[in-house]
Amino acid sequence: MIKISLNDGSIKEYPKGTSALEVAKDISEGFARNVISASLNNETLEISSKINGSGKLEFYTWEDDLGKKAFWHSTSHVMAQAIKEFFPNAKLTIGPAINNGFYYDIDPNNQKISESDFEKIETRMLQICREKHNFKIRSVSKKDAIKFYENEENKYKVELIHELKDGEITFCDHSNFTDLCKGGHIPDTSIIKAVKILNISGAFWRANQNNKQLTRVYGISFPKQKLLNEYLENIELAKQRDHRKIGKKLKLFSFSNKVGLGLPLWHPKGVDLRERLVNFLKKAQKKAGYQTVITPHIGNKELYITSGHYEKYGEDSFQPIKTPKDNEEFFLKPMNCPHHCEIYNSEQFSYKDLPIRYAEFGTVYRYEQSGELHGLTRVRGFTQDDAHIFCSEDQLDDEFKNVIDLTLYVFKSLGLNDYSVQISVRDSADFSKYIGSVSAWEKSEKAIIKAVKDKQLNYSIVEGEAAFYGPKLDFMVNDALGRKWQLGTIQVDYNLPDRFDLTYIDKNNKPVRPVMIHRAPFGSLERFIAILLENTAGYLPLWLTTNQFIILPISDKHEKYCQNVLNLLENNEIRGLIDNRNETIGKKIRDAELEKIPFMIIVGEQESDKKEISLRSHGGKDYGKMKVKDFVKIIKDKIKIEV
Ligand SMILES: [Zn+2]
Ligand SMILES: [Zn+2]
């Protein structure tokens with residue numbers, strides 16, 4: 001018998017050789033129908049293969065990331081099969097699942113795979129899927145595996161097999177198609193109901209520019225046609241919501257090749273937006289006991305040698321700046337933490353002073369390859385809403401909770417209501433790769449998990465994903481199009497206090513190391529604004545938007561009254577402007593709609609005589625006539641709900 005422990009904590013006994021699918025059926029037939037993949041002791045396995053040892057069995061459905069991975073990985077086999085049928089001389093290389101779908105890198109071998117082939121490949125794939133072929137994994141000796149691919153004249157697979165250990169090589173068969181594969185498939189092809197080849201691009205074999213350029217074919221598949229339709233619709237919407245497009249339209253930021261790739265230029269309206277975000281967070285941070293600090297954009301090489309960043313990033317980073325006479329070397333600041341450690345070090349704190357919380361909107365610079373740059377989401381210079389908390393171990397619990405509270409307050413105020421958290425903890429089997437003591441790690445991991453549970457957050461724990469210097473908590477936000485973005489991070493650090501020899505004097509008058517927390521709710525202002533623009537399609541929350549209203553006079557006769565209205569609203573700290581152009585009211589309304597201004601105030605003869613306004617909101621809702629003070633109340637009430 002083997003002992004199988006399940007996710008709910010129960011342990012069940014089964015005869016040796018029972019498959020994961022049989023265990024699922026034992027739980028319930030309905031449950032088993034949804035299971036598409038499984039893992040035993042964190043290793044993926046075929047759900048129909050015999051299990052011969054005890055362990056922890058986990059099941060995955062389409063709803064799980066690992067379920068999707070198995071689904072897409074399996075579909076890449078089907079795509080490869082279809083492509084081989086149309087292009088018999090093509091050589092297959094590798095075909096992994098990715099975040100959204102899968103790809104296969106193929107050497108077309110003097111043939112050309114192009115967009116015009118997509119449809120016939122898709123049709124053939126669906127045909128294969130409907131035929132309900134099982135995916136079957138089998139072991140092959142190294143010799144036989146090499147022979148198989150030598151027969152196919154596929155030097156790529158032969159190269160891959162040479163790097164594998166004899167005895168650990170497996171092939172996957174389905175239909176009449178065989179591929180070198182480690183495993184992790186769905187039971188059979190019939191659950192793949194919809195497929196789409198998305199695009200093709202070039203990719204070098206093993207990502208090495210000296211190697212041959214292959215054709216990378218991207219695809220995606222779903223268990224329902226409806227899901228594919230939704231996915232394609234969302235791609236279209238995402239194109240319209242591209243923050244680079246919206247940013248240009250709203251005149252927020254731009255890039256200039258002359259200034260340099262990946263270096264955003266913020267225009268006045270963009271700066272307004274940034275400042276509102278910064279002021280909002282500054283106010284919240286002040287309440288939460290943070291103190292603001294400012295540090296320079298460069299730092300001496302020695303600083304980063306002390307912090308360990310030089311060793312880690314030195315080679316891949318920007319080159320040092322040398323001073324002309326003393327030959328000192330400086331680096332553009334990649335992180336604010338080392339600077340903040342030195343601020344802490346300039347005083348001797350006692351336990352009574354802790355926690356110390358230093359916050360800085362610090363601009364940092366990191367080298368990214370030009371091909372990796374993307375709008376505001378991947379840049380070479382960005383401003384973090386950074387802060388470092390230095391506290392005693394006893395304070396870690398509370399500090400962590402406070403940081404979570406602040407982060408959630410930020411999300412709520414910006415309409416980001418769909419989020420989850422990921423807790424990254426140490427690898428329980430091997431502590432040798434971490435620094436700090438086991439007891440300290442235990443304490444901080446417990447503190448994080450407890451804080452997350454107390455806040456009733458939707459969370460997952462990932463073992464082995466912690467940094468070598470401490471466990472962390474990442475916030476993931478799902479946007480309006482169902483895309484996942486990683487935002488704020490909270491990280492415990494035992495390393496830097498050690499490297500910078502930070503201490504505080506405890507009750508017994510002894511120097512003790514503080515614990516350090518790094519945190520950034522936005523992550524970076526650049527990335528955050530990009531996500532905000534894409535999530536809202538440019539319709540920012542009212543409190544954040546540049547112009548909350550626009551006054552549209554029907555004729556220039558009402559200019560004076562309009563100016564009075566504007567003054568009144570500005571006195572109430574409501575932002576807006578007057579459209580004094582000599583245009584028809586219809587045109588003025590259309591332009592205000594395009595500029596995404598939330599409220600339009602229309603002023604004509606009647607309004608001006610009665611000292612009233614006609615109010616209309618973006619999207620055409622008519623509020624009718626009212627006094628200005630009533631509008632002030634409407635707008636203030638709306639903002640109160642947001643922040
Ligand atoms: Zn496979
Ligand atoms: Zn930091």
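Helices H13 and H14 cross in the right-handed sense. The model is predicted. The axes of H13, residues 396–413, and H14, residues 438–454, come within 9 Å of each other and cross at roughly 40°. Two other regions are described below: an open sheet of five strands, and the pairings of strands S34, S35 and S36.

**Contact between H13 and H14**

- Two packed helices are described by the angle between their axes and the distance between the axes.
- On the H13 side, the contact is made by Leu396, Asp397, Phe400, Lys401 and Ile404.
- On the H14 side, these residues meet Ser444, Ala447, Ile448, Lys450, Ala451 and Asp454.
- The residues of this contact divide into six nonpolar, one polar and four charged.

**The five-stranded sheet**

- The strand order is S2-S1-S7-S4-S5, and the pairing in this open sheet is mixed.
- Strand S2 (11–14) and strand S5 (43–45) lie at the edges, where each pairs on one side only.
- Neighbouring strands in the sheet are turned against each other by 35° on average, with direction ignored.
- Strand S1, residues 2–5, runs antiparallel to S2 and is joined to S2 by four bridges.
- Within this pairing, Lys3 has Glu13 in S2 as its bridge partner.

**Helices on the sheet**

- Helix H1, residues 20–27, packs on the sheet and touches S1, S2, strand S4 (37–40), S5 and strand S7 (55–60).
- The direction of H1 makes about 75° with that of S7.
- Helix H3, residues 65–86, lies across S4 and S7.
- Relative to S4, H3 runs at about 115°.

- Strands of a sheet pair through backbone hydrogen bonds, either parallel or antiparallel.
- S34 (residues 599–603) and S35 (residues 613–617) pair in the antiparallel sense over four bridges.
- Phe599 has Ser617 in S35 as its bridge partner.
- S35 is also joined to S36 (residues 622–626) by four bridges, and these two strands run antiparallel.
- In S36, Gly624 is the bridge partner of Leu615.
- S35 and S36 form a hairpin, with four residues between the two strands.
- Gly619, in the turn of this hairpin, has a positive phi of about 95°.

Conventions:
Residues are numbered from 1 along each chain as its sequence is written. Chains are lettered from A and ligands numbered from 1 in the order in which they are written. This is a predicted model: local features need pLDDT of at least 70, side-chain atom pairs count only at pLDDT 80 or more; totals for chains, interfaces and linings use all residues. Two strands pair if DSSP finds at least two bridges between them. Axes are lines fitted to C-alpha atoms, for helices over the stretch in contact, and angles run from 0 to 180 degrees between N-to-C directions. Two residues are in contact if their C-beta atoms, placed from the backbone, lie within 7 Å. A crossing is left-handed if the near helix is turned anticlockwise from the far one by less than a right angle, and right-handed if clockwise. Ala, Val, Leu, Ile, Met, Phe, Trp, Tyr, Cys and Pro count as nonpolar, Asp, Glu, Lys and Arg as charged, and the others, Gly among them, as polar.
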